[in-house]
Amino acid sequence: MKTYFLLVLLAAGQVAAAGDAKVGEALFKRCASCHQVGPYAQGGFGPQLNGIIGRRAASTKDYKYSEAMRKSGLVWDEKTLAAYLRAPHDVVPGTSMRFWGIKDEQQVADLLSFMRTLK
């Protein structure tokens with residue numbers, strides 16, 4: 001019985017972690033006041049986010065990053081992005097990003113699913 005319960009919990013976590021890119025795209029509208037995506041994206045109040053997954057932090061040329069971000073040494077893989085979306089100031093203390101984070105794990109998964117589509 002314990003094994004069955006554990007399997008149900010694990011399966012539920014995997015469903016939540018899958019994410020929905022369409023929902024993530026809608027959620028991204030909150031981010032769009034600072035970040036651009038798409039063929040004409042450029043840095044503005046925040047850096048453009050095309051190709052963010054796999055990209056080295058502070059590596060785009062059209063945005064002036066904080067010293068903390070430049071020195072972070074991060075590469076934006078999904079695990080790091082998820083942690084940053086949850087609590088940016090915990091992942092990069094001193095970041096200039098004015099965002100308190102997302103506590104809802106499904107929303108994080110949905111945003112990551114959308115970010116995977118950004119080339």
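Three aromatic pairs are counted in this predicted model, where rings of Phe, Tyr and Trp (its six-membered ring) pair if their centres lie within 6.5 Å, and where planes under 30 degrees apart count as stacked, over 60 as edge-to-face and the rest as tilted. One of them is the tilted pair of Phe28 and Phe114, with 5.4 Å from centre to centre and 50° between the planes. This pair links distant parts of the chain, since Phe28 belongs to helix H2 (residues 21-28) and Phe114 to helix H6 (residues 105-116), 86 residues apart; helices (H or I, at least four residues) are DSSP runs, numbered from the N terminus.

The model is predicted, so local features need pLDDT of at least 70 and side-chain atom pairs count only at pLDDT 80 or more, whereas totals for chains, interfaces and linings use all residues. Residues are numbered from 1 along each chain as its sequence is written, and side-chain values use heavy atoms, with hydrogens and water left out.

**Aromatic residues**

- Phe28 is buried at a relative accessible area of 5%, and Phe114 also counts as buried, at 7%, where buried means under 20% relative accessible area, exposed over 50% and partly exposed in between (1.4 Å probe, protein chains only).
- The rings of Tyr63 and Tyr65 have centres 4.9 Å apart and planes at 80°, so this pair is edge-to-face, and both of these tyrosines are buried.

**Helix H2 and its packing**

- The buried residues of H2 are Gly24, Leu27 and Phe28, and they fall within an arc of 100° when seen down the helix axis, so they line one face of H2; the arc is that of the directions from the helix axis to the C-beta atoms.
- These buried residues of H2 pack against H6, where contact means heavy atoms within 4.5 Å.
- Gly24, found in helix H2, is buried at 0% relative accessibility, and its C-alpha atom is separated by 4.1 Å from that of Leu111, 87 residues apart along the chain.
- Not counting residues up to four places away in sequence, Gly24 touches Asp110, Leu111 and Phe114.
- Asp20 caps the N-terminal end of H2, with a side-chain oxygen 2.9 Å from the backbone nitrogen of Lys22; a polar contact is a pair of N or O atoms within 3.5 Å, and within protein one must be able to donate a hydrogen and the other to accept it, while residues adjacent in sequence count only if both atoms are side-chain atoms.

**Nonpolar core**

- The largest nonpolar core has 23 residues, and those with the most contacts inside it are Met69, Trp76, Leu112 and Met115; such a core is a set of buried Ala, Val, Leu, Ile, Met, Phe, Trp, Tyr and Cys residues joined through side-chain atoms within 4.5 Å.
- At least two residues of this core come from each of H2, helix H4 (78-86) and H6, and H6 gives the most, with five residues.
- Met115 touches Leu49, Ile52, Ile53 and Leu81, residues up to four places away in sequence not being counted.

**Loop between H2 and H3**

- His35 lies in the loop between H2 and helix H3 (67-70) and is buried, with a relative accessible area of 14%.
- The side chain of His35 reaches the backbone oxygen of Pro47 at 2.7 Å, and His35 touches Phe28, Gly46, Pro47 and Leu49 when residues up to four places away in sequence are not counted.
- Ala58, found in the loop between H2 and H3, has a positive phi of about 60° although it is not a glycine, and Ala58 is partly exposed, with a relative accessible area of 22%.
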